[in-house]
Amino acid sequence: MPVRATEPPDVPRRVRVTSPRRNAVVRGPQRPVTTDIREQTGLGELYMRSLVRAQLRLSLTVLAATAVVLCGLPLAFLLVPATQTVHVWRIPLPWLVLGAAVYPVVLAAARYYVRQAERLEREFVALVERQ
Amino acid sequence: MSSHYGIVAIVAVCALTAGVGAFGLRLSRTTSDFYVASRAVSPRLNASAIGGEYLSAASFLGIAGLIYSRGADMLWFPVGYTVGYLVLLVLIAAPLRRSGAYTVPDFAEARLDSPRIRRLCSVLVIGIGWLYLLPQFQGAGLALHVVTGAPAWVGGLIVAVVVLLSVVAGGMRSITFVQAVQYWLKLTAICIPAFVLLMLWLRQGQPAPVVLSEPGGGGWARPLSGFGGQDHPTYWTYSTLLALCLGTMGLPHVIVRFYTNPDGHAARRTTSWVIGLLAAFYVFTPLYGVWGRVWLPQLPHGLHPDSVVLLLPSAASPTTLGDVLSALLAGGAFAAFLSTASGLTISVAGVLDQDLLRPRLHAWTGGDAMSVQGFRVAAVLGILVPYGLSLAGASVALASAVGLAFAVAASTFCPLLVLGVWWRRLSTVGAAAGLGIGGTLALLAVSTTVLFGVPAGWPGALLSQPAAWTVPITFLVTIVVSLATPDRVPQGTGRMMVLLHGPEGLVLPATRGG
């Protein structure tokens, strides 16, 4: 390095720029929850279990509602014999219910389930990414 | 009936199936194409394909035949066939797809890490597949006999040959197109004659159904009346409903279809479409049973009630119109046999190939045989055995025979899949015990009814529709044995749960590359 004989007098002095919070505790690199989920730590397990439990609750709700409707039909035919022979629009009620009316109900249950399951998953992803 | 139109329709459907299959040959290049269409099928196309594959001989001919012969209780068959998809959607659709396996044996091995359970599942897949293929051949024989008077073995042989040609040529990629086309073909074939018959019925002053065997009585039209010799109709209704609702998820050709979805989201959307497509089809089938009682109170001598759909248009309108409509229905029925038989053959052949043939073929040829060749050998085996059995076997009503396959599937694969997806404490021993007990009980009940007929009273009711007791027993055995053997819970269960239930939007660091 070449040595100068004389410093130019108008050059400003070097100033060290530092953080005002030099005494703050240094944080390690950010550890996303997704790592916990992949590595099966206690925290990751907790997140996954909550998702699985929410999904299972949704599934069981839809199943239970369907079961009540479907299993209730033979029961109604059995306990209230009038339902076996009553006619609606000149069609016997059991034929109308089992031949046509159940299908929109099943379809509605399916659509509801798909929407809710996707919502649960979106919320889970948002929750995990936010951490 | 003039047989010319019918023959033309059947030949056209067979040619279409083989033709689309050959077209698929040029598209399918890899083993993955063969098995799962490289998993690149959109939900709507896949839903049409699932619908096409699912609507079998039992749906197209069997339901109307049963309603015709046994009355209102049989309306539960189409309801159960549809609700089965709701149960499948709610319990296993997305996780099953995310597991990334091709077949139930693959799922069992991935989830439980046990080659022995894998082999047990393979045997069950082949058994259920063959049980379900039998009525397809019988239905084809019956349909061809009604249309042309040909002996029963010819129809089954035609189905076997056409299925082999299309499966061997194109594999799953071509089958997906064939099945999707066949759903719409079947819907057209069932709904156009239905509308024409409705017009005829209205114009003739809405004649009431006639039941010759019980003049004045209304047992045929009433549910739970025990019409048609059904002992304990309430038990039968609940047990059948359970078998159909839980059995759908265990059918080999249904499960294999889920792997052609790109991901879990698509699997759910596909299933929800399938329910709509099935409902659109099933509102028409009971009408044929009712109109059968209107126009055909007495079946021609020697014909099975399953043929009522095919006989109806000519009986309602003995003109060219009736013949053309009968031909359309015959074509639709053949589409049903072909598509279901193709789907079953694909899945049975896939399992035969992976678990039985390929290891052996590998040993014989020193690894020279291509995997596609093994699949083709397996397809031939997979379809010829049940065809042979259908020639020897006793004749059961189509929808009842299919119901037995559902009962076996519900008592074996349903507990395995449901507990495998949702329950962390499922152990290897528990799963094996459940499969063993459930499979043995259901198969014993089924083979007793098929071989020796249905005994009277409670034994008959319990044996002919076993699901109501075999399914709870299987669940109970699986759970109790699993709880008793906590040390046999597979190591990777937690990791598997993340794989099965982790949403597609979740990017785990490993896949992000970090």
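1. Helix H9 of chain B, in this predicted model, gives the most to a nonpolar patch, with 4 residues; helices here are DSSP runs (H or I) of at least four residues, numbered from the N terminus. The patch is formed on the surface by B:Trp153, B:Leu157, B:Val161, B:Leu165 and B:Leu391, which together have about 490 Å² of accessible area. Such patches are made of residues with over 30% relative accessible area and no salt bridge, nonpolar side chains (Val, Leu, Ile, Met, Phe, Trp, Tyr) being joined within 5 Å, and the areas come from the Shrake-Rupley method with a 1.4 Å probe, only the protein chains shown counting as cover for residues.

2. Buried means under 20% relative accessible area, exposed over 50%, and partly exposed in between (1.4 Å probe, protein chains only).

3. The side chain of B:Gln179 makes a polar contact with that of B:Glu53 at 2.8 Å, a polar contact being a pair of N or O atoms within 3.5 Å of which, within protein, one must be able to donate a hydrogen and the other to accept it, with residues adjacent in sequence counting only if both atoms are side-chain atoms. Leaving aside neighbours within four places in sequence, the residues in contact with B:Gln179 (heavy atoms within 4.5 Å) include B:Ser48, B:Arg257 and B:Ser339.

4. Between chain A and chain B, about 4,500 Å² is buried, 73% of it from carbon and sulfur atoms; this is the accessible area (1.4 Å probe) that two parts lose on being put together, summed over both. Chain A brings 47 residues to the contact and chain B 53 residues. The count of salt bridges between the chains is 3, each a side-chain nitrogen of Lys or Arg within 4 Å of a carboxyl oxygen of Asp or Glu. One of them joins A:Glu121 to B:Arg98, with the closest N and O atoms 3.0 Å apart.

5. B:Asp113 sits in the loop between helix H7 (104–112) and helix H8 (115–148) of chain B. This residue is exposed, at 63% relative accessible area, and its phi is near 55°, a positive value in a residue other than glycine.

6. Residues are numbered from 1 along each chain as its sequence is written, and chains are lettered from A and ligands numbered from 1 in the order in which they are written. In this predicted model local features need pLDDT of at least 70 and side-chain atom pairs count only at pLDDT 80 or more, whereas totals for chains, interfaces and linings use all residues, and side-chain values use heavy atoms, with hydrogens and water left out.

Note on methods. Patch = residues over 30% accessible without salt bridge, like charges linked within 9 Å, V, L, I, M, F, W, Y side chains within 5 Å. Helix = DSSP H or I, 4+ residues; strand = E, 2+ residues; numbered from the N terminus.
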